[in-house]
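Thanks for coming. I will take a few minutes to go through the structure on the screen, starting with its pockets and then moving to some helices and loops.

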Amino acid sequence: MNFSFVPGDAVRAGGAMLVIPLLDGDLGDSAPAALVDADKALDGKLRAAATQEGFKGKADQSLVLHTLGRLQAERVMLLGLGARARTTPEVLRLAAGRAAKMAQKLKLTELTFVVPETAPAPVAVRAIVEGLMLGVYKFDRYKTTGGKEEKKAPGLGAVRLVLPQGASQGAELEEAVELGRDVAQATNWARDLVNEPANVVHPDRLAQAAQEVAKAAGLKATIGGRREIERLRMGMFLGVAQGSAHEPKLIHLSYVPKNPKDARRAPVALVGKAITFDSGGLSLKPADSMVEMKTDMAGSAAVLAAMRVIGELQPPFPVHAFIGACENMPSGTAYRPGDILTSRLGKTVEITNTDAEGRLVLGDILTWAVEHKPAAIIDLATLTGACVIALGNYIVGAFGDHDATVEQVLSAAKAAGEELWRMPVTELQKDALRSEVADMKNSGERWGGAINAALFLKEFVGDTPWVHLDIAGPSTSPKERGYFNKGATGVGVRTLVEFVRQRAASPEQEPARETAAAARPAKGKARSKTARA
Ligand code: BES
Ligand code: MN
Ligand code: ZN
């Protein structure tokens, strides 16, 4: 998608569709110049039509009118942003997504978008770029119906952004477009990887995807198979993988800064759950819950996509991605309830439910990540149905006891427009994992299931600052909404990228693990950096 800037006069800009975002009440006296001008050119009929149609500027409202040659633009789209007090860049991102879907429906190849003054221009521009590019995303490669012509339609290729009066058109805006574009492309790439069925995306395909990322972003990729996993004595990972006909893969991507001083700094480690299909294993899932389980590698897709952007960002510290990819299948070779597995860390685990497989693989991968002495570990995992019960389909659960690092992740999510909610990792629940025959068991009582899973993971991170994000709910969207489609969302990519950006902008250097505990939450400074998008 190609973006260009046009200053000032929205009505002159023309195009196939002029999109004017409006706050609730903007039809009245607070109307922005673009609306006043367009309305004037249409003899007051634009506002009159809006009133007739009940358009008020509420979030989710929109109205498309043909201008019948009375305006340079063929159509006008009024796009509701909702209440002024509640406008965030995410509101604009979602609205831009709706405009993109409308343009797609009308088969438009270009449009003109008025940049509202609800945020500083670079912030608004980045949100619009992301909203439009995420909004046109479709996963339809397996549809053989619909006609070749429709498929080959060129799509939305050019967008003119009308800047508010007085906004300077400098490098800052160009950077906002570039970053928005990189992040949206990476997110759509993650969505593809998640939407692809499990007969296509198996562990080996995921490893190939990692290799593609490394090549595109200039990272180092190391891929291992079963032999390497055995060598590393990852007994829990091997247990989960042993029922599948597909060989498990161990994936390590690393970004290392060119400056040797930066390269010696403590890295950030990203860990992603990568169960390419979760049947539940011998503790087989019911048919209905199994249908969605190609999604169970969404954590790793987000981590890989974020690494793509991080390679471009070139932060002044190393960033590693650690992924253990396998399939959870029932078979004659599958691990069984009652089996006792020995983790890389040495702890033994009694299997009470083979469907609690994610924590087993992640436990060994977290141990491996800790060995690289990171300043912080963030893991993303479609880990528990319990988290979906607790927080629903749109909110990520954030777990961890290292307050400063949790705060940094929450602040990054807020700036990136992803919803996170902190959850406790309280020892009160620990009884749930007590085993009679081993150091612990892999699943306990149902109550507090998301916390139990987090507590299990915590056993493997020691003192390393760690944040666990349970994305079981938000990894897919149940319906079309804003820039989302039904299906994979790419959740987490934006938060991870923002976390690394904020850390890169923070003057605080965290040379060693010991000092990381003293780090203050990256609020003040980091925010002002994101304000510059
Ligand atoms: N992959 C699932 C969790 C999940 C549920 C992801 C819904 C996406 C949507 C995970 O491996 C799982 O099966 N968890 C079990 C744990 C239980 C057996 C302790 C669950 O949540 O039921
Ligand atoms: Mn499972
Ligand atoms: Zn799973």
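The lining of the largest pocket is made up of 14 nonpolar, 14 polar and twelve charged residues. This is a predicted model, so please hear every value as computed from it. The pocket itself has a volume of about 1,200 Å³, and 40 residues line it. If you want to find its centre on the screen, look for Gln 104, Val 136, Tyr 137, Lys 138 and Asp 140, which are the lining residues nearest to it.

In terms of domains, at least three lining residues come from domain 1 (2-136), and at least three from domain 2 (196-526).

Now the second largest pocket. Its volume is about 1,000 Å³. Its lining also has 40 residues, and by class these are 14 nonpolar, 16 polar and ten charged. Nearest the centre of this pocket are Lys 285, Leu 383, Thr 384, Gly 385 and Ala 386. Strand S9 (268-278), helix H15 (385-391) and helix H17 (449-458) each give at least two residues to the lining. H15 contributes the most here, namely five residues.

Next, a pair of helices. Two packed helices are described by the angle between their axes and the distance between the axes. For helix H16, residues 403-416, and helix H18, residues 493-505, the axes come within 8 Å of each other and cross at roughly 115 degrees. Angles of 65 to 115 degrees count as roughly perpendicular, and H16 and H18 are therefore described that way. As for handedness, the crossing of H16 and H18 is right-handed.

Last, two loop residues. Most residues other than glycine have a negative phi. Asp 43 has a positive phi, near 55 degrees, and sits in the loop between helix H2 (33-41) and helix H3 (45-53). Gln 314 also has a positive phi, near 55 degrees. Where is Gln 314 found? It lies in the loop that runs between helix H13 (298-313) and strand S10 (319-328).

That is the end of my part.

Note on methods
Residues numbered from 1 in each chain as written. Chains lettered and ligands numbered in written order. Predicted model: local features only at pLDDT ≥ 70, side-chain atom pairs only at ≥ 80, totals over all residues. Heavy atoms only, no water. 1 Å grid on protein atoms, 1.4 Å probe; cavity = no way out; pocket = protein on both sides within 12 Å on 5 of 7 lines; lining within 4 Å. Points joined across faces, edges and corners; volume = space filled by probe spheres on them. Nonpolar A, V, L, I, M, F, W, Y, C, P; charged D, E, K, R; others polar. Domains from an automatic or database assignment. Helix = DSSP H or I, 4+ residues; strand = E, 2+ residues; numbered from the N terminus. Axes fitted to C-alpha atoms, helices over the stretch in contact; angles between N-to-C directions. Parallel < 35°, antiparallel > 145°, perpendicular 65-115°, else oblique. Left-handed = near helix turned anticlockwise from the far one by under 90°.
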